[in-house]
Structure formats: C-alpha cells, structure tokens
Amino acid sequence: MTLLSFALSLVGFGILAPVLGCLLAGIDRKVTARMQGRVGPPLLQPYYDVRKLLAKEDVSVNSYQGFYVGISLVLAILSGVFFFAGGNFLLVIFVLTLSSLFFIIAAFSTRSPYAEIGAEREIMQVMSYEPMVILITVTFYLVLGSFDTFAVLEQSEPLLLSLPLVFFGLLFILTIKLRKSPFDLSYSHHAHQELVKGISTEMSGRTLAKVEIMHWYENILFLGWVALFLVWGSWWAIPAVIGGVILVYFLEILIDNNFARVKWQAMLASSWAVALVCTVLNIALLVWIP
Amino acid sequence: MSSTIKSPWLIHYDASSCNGCDIEVLACLTPMYDVERFGIINTGNPKHADVLLVTGSVNERNINVVQQIYGQMLEPKVVIACGICACTGGIFKECYNTLGGIDKAIPVDVYAPGCAVRPEAIIDAVVTGLGVLEQKRAALAAGSLVEQTLPDCVTAADKFVDGQTIRDEALAKTQAQA
C-alpha cells in the first residue's frame, strides 16, 4: 500500500461506497418485496430514510453514545480504505473488529435492558464469524505468500479455484456480517420484529443515520471480500467479479427470505463447525493436491 | 417534498381495544395493502418511530404507558387514533373503567373512525398525518416548533356520574367542610 493508492482509495471508497451501498440496500428491499409478492418501496428509500433521520430532533440518551457510533463509522470507513488500497488484509480485519466493538460499547453505554440484550447478541455474532475471518487470512497467506490484498491481482487464476471450501465458509459468515436471517440476532433491516429493535434500540435520529451509513460502507467492503476470491490478473476478471458479487448478494437475499432466525447457540456451533471443517479440508487439499 | 414524509416509520400500541383494529393495522403491512410502498415500516421502537398509531380507548392502567411512548418519540411526530374506541371511547365511552378517547392522554393529530377501522381508512389517516408531519418538520427546522403539552391528567373520577362529576362532589364537600 503506497501513499498514492491510499489517497485514491480514500477518495474512491469514501465517496463511491455510500452511493453503491445505498443503491444496494434499495435493491435489496425491492427484491425482498418482490419475493414476498409486494411492490416494495422506491429504489432510493434507504436514502430517504437517512435524510429523514438527519432531520429529526437531536436528542440522545447520553452524550457519548453518538460519539462511539461516530468512531465506529470512521473505523469502518478506514478498514474499507485499507482494503481497496491493497493494504494488509489482517489490518483490514482488525480495524473492522475495532469498529464493531465500538458499536457494541455504544449500545452498552445506554444501560437500557433491550439495547444490552442486543449488544450481548452482537458479541455472540462477533464470536461466531471472527474465527472464520482469521482463517480466511491464514489460507490467503498460504496460497499467496502475502497478506496484501492486491497480491491476488498477480495471480493467473482466481483464489476461488484453490480455496473453494474457504469461499463457502466466507459465504456462511457473510450472512451474519450482512445481518441477514437466519443469523440476524442483534439487529435486522426491513420490518423484521425484534426485542424492541435490538442493538439499535436506544439509537435515534442522527446516531441511527450514522449506523445506516456504516452499513452501506460495510456491505460494500464485504462484497469486496467476495470479489477477493473471484479476481485474478486479467481484464476478464472484471465481468467475472461483477457477475459473481451480484449472484452472491442475490443468494443472501434468497436465504434471508427463506429462513427463520436461529438461537445463538445454533449460530455459534454451526459457524465454528463450518469454519473448522472447511479450512482444515481446504488446507489438506492444498497440501496433497498441489 | 422532503424526505420526512417519504419514510414515516410506525409504532402501534393497543391501549385496550378488542384487537380488531390492531389486526387491521397489521393487515396494512401484508402484500394485499403493502404500506412499505410509501416507505412505511412498522418499527416497534418509539425512538425510531415518526407515527404513533393507537387503537382502543385509554384507561387508568395504560394512560401512563401511552404517555410514556409518546414522550419517547422524537419530534417531528404524529399521533393517529385508529378506530372509534381510540377516537372517542366508542361503545365503552360511558363505562366506569375507561377514560375515553386517546386525546384524553396525548395530543391526537388525525382521527380514523371505524369498528374495526378499515385498512384503507388507516392508510388514508397516515397519508393525512404526513401533511401534519411535514408542517412539524418545517417548524422544527425553523426552530419554531412548540412542543405539545399533555392534556391535564384525567381520572375515572372526572367522568360524569348521574349528571354530576365525582370531582365536583368532592370539591363541594371540601368547600362545605371549610
């Protein structure tokens, strides 16, 4: 990661990601509505929602919750900037984890019982996906000999061919990361019902707008992770990545609409099992079938 | 047209209705009526909601709950009384254990009568409420929004009993004692 690539990524990701993320959220709601036999909201509905939240009265439970969420948003953006600048994948993950920790602290800071239950569930979600995320970086290094994300561009074939099972593991935890059913324990979009509103119960107005914008950035970053497995050093990679990413996101919407929420025990057990089995088998494949 | 009226998020509270109106409120979210077309989402959290739908009449037990929910909502906000019980007390108006319509507890902006209120009437009331919401948003932006005060707390004793309220009786007694 050079200073130039960092600056380009800062401007590119900083401006493009919320635009794309907002459209993605709009398409998500539209497709979900069609799957349920409804017309659905306008495409720009997420944008209207955030504009409305920014226009609300500025009231908060305490003075630091909004600050924590703000730090969380900045760290999420920074993580994406590192990723798209070709930076160290480990750094990307650690900064993103710090972002989710600040989000949890923001919910805990309110002392509200509903927000606390949401925060506890968010911790369970972090515990569920984190092992797989770390194992992705391990296998990434095993194949490429580098933690830099741009190392995939020097490959002659996509990472998917050497790490198919790890890619499956990524798709599995992506459902948690994108806050989709059956793993949307702490917070979900659309009109799904929760214990009040999970981790975001005490967040309102501008703070909630920050949370929404953070989701836009994060969703684009996670699709970047998917793209990491599909890209290789050729111009043909561009249509392959775009097609693959759209397919993956459609699959996530399909899963979201077809599964009921599971208990946290099931989420933790299944995601750890998938992480362990997929990675061990894939490493075995790498070793014995070069 | 501002974004405020393009994304009204709802919270609905069943004060003490027979659940008929409550079911009609939820029916609005089904594919048949699909209020998400207008950006409407049922949130279940007063801190996220812009529109409070109340069904049923208010009584001694839940007047504090209704006022609590109303108080937790952020301006600009709109209250819609759904169904005849929420509007005036309906057939329970004269009962000793109800206080009357929701406007006995909180300021109501739109009344949607009916027993049970039809989903079309609810959608119509919400759309009418959006006009009020937009006015309040403009007032908030201009810094001229006056927070509506809660009505004077009524009790069941304030109700008319045999041509005279109990409170008046009590007042007359204390005056006679003095």
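Helices (H or I, at least four residues) and strands (E, at least two) are taken as DSSP runs and numbered from the N terminus. On that basis chain B holds five helices and nine strands. The model is a predicted one, in which local features need pLDDT of at least 70 and side-chain atom pairs count only at pLDDT 80 or more, while totals for chains, interfaces and linings use all residues. Residues are numbered from 1 along each chain as its sequence is written, and chains are lettered from A and ligands numbered from 1 in the order in which they are written.

**Chain B and its sheet**

Read from the N terminus, the elements of chain B follow the order β-α-β-β-β-α-β-α-β-β-α-β-β-α. A residue is called buried if 20 or more other C-beta atoms lie within 10 Å of its own, exposed if 12 or fewer do, and partly exposed in between, with C-beta atoms placed from the backbone. Chain B has 178 residues, and 47% of them count as buried. Two residues are in contact if their C-beta atoms, placed from the backbone, lie within 7 Å. Among the contacts in chain B with a separation of 6 or more, 80% are between residues 24 or more positions apart.

Two strands are said to pair if DSSP finds at least two bridges between them. In chain B, five strands make an open sheet with parallel pairing, in the order β2-β1-β3-β5-β7. Its edge strands are β2 (41-42) and β7 (110-112) of chain B, each of which pairs on one side only. The table lists the pairings across the sheet.

| Parallel strand pair | Bridges | Residues standing opposite |
|---|---|---|
| β1(B) and β2(B) | two | Leu10(B) and Asn42(B) |
| β1(B) and β3(B) | five | His12(B) and Leu53(B) |
| β3(B) and β5(B) | five | Val54(B) and Ala81(B) |

How many residues of β3(B) are buried? Five of the five are, so β3(B) is largely enclosed by the rest of the structure. In a regular strand the side chains alternate between the two faces of the sheet. In β3(B), Val51(B), Leu53(B) and Thr55(B) point one way and Leu52(B) and Val54(B) the other way, and all are buried. Strand β5 (residues 78-82) of chain B is likewise mostly covered, with five of its five residues buried. Both of its faces are covered: Val78(B), Ile80(B) and Cys82(B) lie on one side, and Val79(B) and Ala81(B) on the other.

**Helices of chain A**

Helix α4 (residues 89-108) of chain A has 20 residues. From its first C-alpha to its last it reaches 29 Å, close to the 28 Å expected at 1.5 Å a residue, where the expected span is 1.5 Å times one less than the number of residues. Its buried residues include Phe89(A), Val92(A), Leu96(A), Phe103(A) and Ala107(A). The buried residues of α4(A) pack against α3 (65-84) and α5 of chain A.

Ile134(A) belongs to helix α5 (residues 113-144) of chain A. Is Ile134(A) partly exposed or buried? Ile134(A) counts as partly exposed because it has 15 C-beta neighbours inside 10 Å. Ile134(A) and Leu96(A) are 38 residues apart in sequence and 12 Å apart in space, C-alpha to C-alpha.

**Nonpolar cores**

In soluble globular proteins, nonpolar side chains tend to be buried together. A nonpolar core is here a set of buried Ala, Val, Leu, Ile, Met, Phe, Trp, Tyr and Cys residues joined through C-beta atoms within 7 Å. The largest such core has 77 residues, of which Leu170(A), Tyr217(A), Val226(A) and Phe229(A) touch the most other members. Helix α8(A) gives the largest share of this core, 17 residues. Leaving aside neighbours within four places in sequence, Leu170(A) is in contact with Ile136(A), Trp225(A), Val226(A) and Phe229(A). Another core lies apart from the largest one and has 46 residues, among them Ala86(B), Phe92(B), Ala105(B) and Val108(B).

**Contact between the chains**

Chain A gives 25 residues to the contact and chain B gives 22 residues. On the side of chain A that touches chain B, the elements giving two or more residues are α2 (45-55) and α8 (205-230) of chain A. The largest share of that side, six residues, comes from α2(A). By class, the side of chain A that touches chain B has nine nonpolar, eight polar and eight charged residues. For these classes, Ala, Val, Leu, Ile, Met, Phe, Trp, Tyr, Cys and Pro count as nonpolar, Asp, Glu, Lys and Arg as charged, and the others, Gly among them, as polar.
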